[in-house]
Amino acid sequence: MDSLSTGPVADVLARLYQEAEVADAPMRRAEGTADTDVAASVLASEAADLRGTYHDLADNFLCVSPRFGRHLYMCARAARARLVVEFGASMGVSTIFAAAALRDAGVPGGRVVTTELEGGKARRARENVAAAGLAGLVEVRVGDARETLKGGVDGEQVDVLLLDGAWSLYLEVLRLMEPHLRPGAVVLADNAEDPAYLEYVRDPRNGYLSLPLEFGEKEGNEFSVRTR
């Protein structure tokens, strides 16, 4: 079974990418004409006012690319993941990719636990996941991931961790989840722009093997595997 090719999942993803293109177009144009380092500006803005930064982006999708989403689906399915944890649900695009992989793989008890800072986005993510027919596989937690994921997820080991929220928190969220990552767990980071995060996962002494993913579209994605 492949939900990405046809049916409700494929239809909902196609619709969401069309909506994302419209919603994010002004922001993308502004980034393209900016005379400053966009990544550095985002990291500085998050450091100064995390909630304010993302409240201003409440109507933007900021979602993973279709290729990154397909890669997420393939990783979760190949690993026969039982638990996927996501930092940054936004409108639920990447959540749908992950949940579809768990359902298609047929692993009993599979689920996605995702967390989203903006309440309005969390509501839309739930609606989109439901429209894709995946509501029974997804739990959406609302709030700061440093609180919503504190202590792990019901004592379960995490098979796949997706980092797609505030860039400056990637390392902090990873360290928070480390005790709960199973050996061999996959860690995917979209827009991994924080030098501290990249330095950490690329140092084998920290228990990861890591490499960048470009997909021929942009740099800034990172694929890591937990080695201990």
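Predicted model: local features only at pLDDT ≥ 70, side-chain atom pairs only at ≥ 80, totals over all residues.
Visitor: Let's start with helices. What makes H1 and H5 roughly antiparallel to each other?

Guide: Helix H1 covers residues 8–33 and helix H5 covers residues 93–105, and they pack at an angle of about 165°. Angles over 145 degrees count as roughly antiparallel, and therefore H1 and H5 are given that description. Their axes are 10 Å apart, and the crossing is left-handed.

Visitor: Which residues make the contact between them?

Guide: From H1 come Val 9, Val 12, Leu 13, Leu 16 and Tyr 17, while H5 brings Val 93, Ile 96, Phe 97, Ala 100 and Arg 103. By class, this contact of H1 with H5 has nine nonpolar residues, no polar ones and one charged.

Visitor: How do you know that Val 93 is buried rather than exposed?

Guide: Val 93 has a relative accessible area of 2%. Buried means under 20%, so Val 93 is counted as buried. This residue sits in helix H5. Leaving out residues up to four places away in sequence, Val 93 touches Leu 13, Leu 16, Tyr 17, Phe 61, Cys 63 and Val 64.

Visitor: And how far is Val 93 from Leu 211?

Guide: From C-alpha to C-alpha, Val 93 and Leu 211 are 24 Å apart in space, and they are 118 residues apart in sequence.

Visitor: Why are H4 and H5 called roughly parallel?

Guide: H4 and H5 pack at an angle of about 30°, with 8 Å between their axes. Angles under 35 degrees count as roughly parallel, and therefore the word applies to H4 and H5. Their crossing is right-handed. On the H4 side, the contact includes Pro 66, Leu 72 and Tyr 73, and on the H5 side it includes Ser 94, Phe 97 and Asp 104. The residues of this contact of H4 with H5 divide into nine nonpolar, two polar and three charged.

Visitor: Where do H1 and H6 meet?

Guide: The contact is made by Pro 8, Val 12, Arg 15, Leu 16 and Glu 19 of H1, together with Arg 124, Asn 128 and Ala 131 of H6. Helix H6 spans residues 119–131, and its axis and that of H1 come within 9 Å and cross at roughly 145°. The contact of H1 with H6 holds four nonpolar, one polar and three charged residues.

Visitor: What about S6 and S7, parallel or antiparallel?

Guide: S6 and S7 pair in the antiparallel sense, over six bridges. Pro 212 stands opposite Glu 222 in S7.

Visitor: Why is S7 described as largely enclosed?

Guide: Five of the six residues of S7 are buried, so S7 is largely enclosed by the rest of the structure.

Visitor: Finally, the loops. What is the phi of Ser 90?

Guide: Ser 90 has a positive phi of about 50°, although it is not a glycine. Ser 90 is in the loop between S1 and H5. Its relative accessibility is 8%, so Ser 90 counts as buried.

Visitor: And why does Asn 191 count as buried?

Guide: Asn 191 has 15% relative accessibility. The cut-off for buried is under 20%, so Asn 191 counts as buried. Asn 191 is placed in the loop between S5 and helix H9 (195–201), and has a positive phi of about 55° although it is not a glycine.

Technical notes
Residues numbered from 1 in each chain as written. Heavy atoms only, no water. Axes fitted to C-alpha atoms, helices over the stretch in contact; angles between N-to-C directions. Helix = DSSP H or I, 4+ residues; strand = E, 2+ residues; numbered from the N terminus. Parallel < 35°, antiparallel > 145°, perpendicular 65-115°, else oblique. Left-handed = near helix turned anticlockwise from the far one by under 90°. Contact = heavy atoms within 4.5 Å. Nonpolar A, V, L, I, M, F, W, Y, C, P; charged D, E, K, R; others polar. Buried < 20%, exposed > 50% of the residue type's maximum accessible area, 1.4 Å probe, protein only. Pairing = 2+ DSSP bridges.
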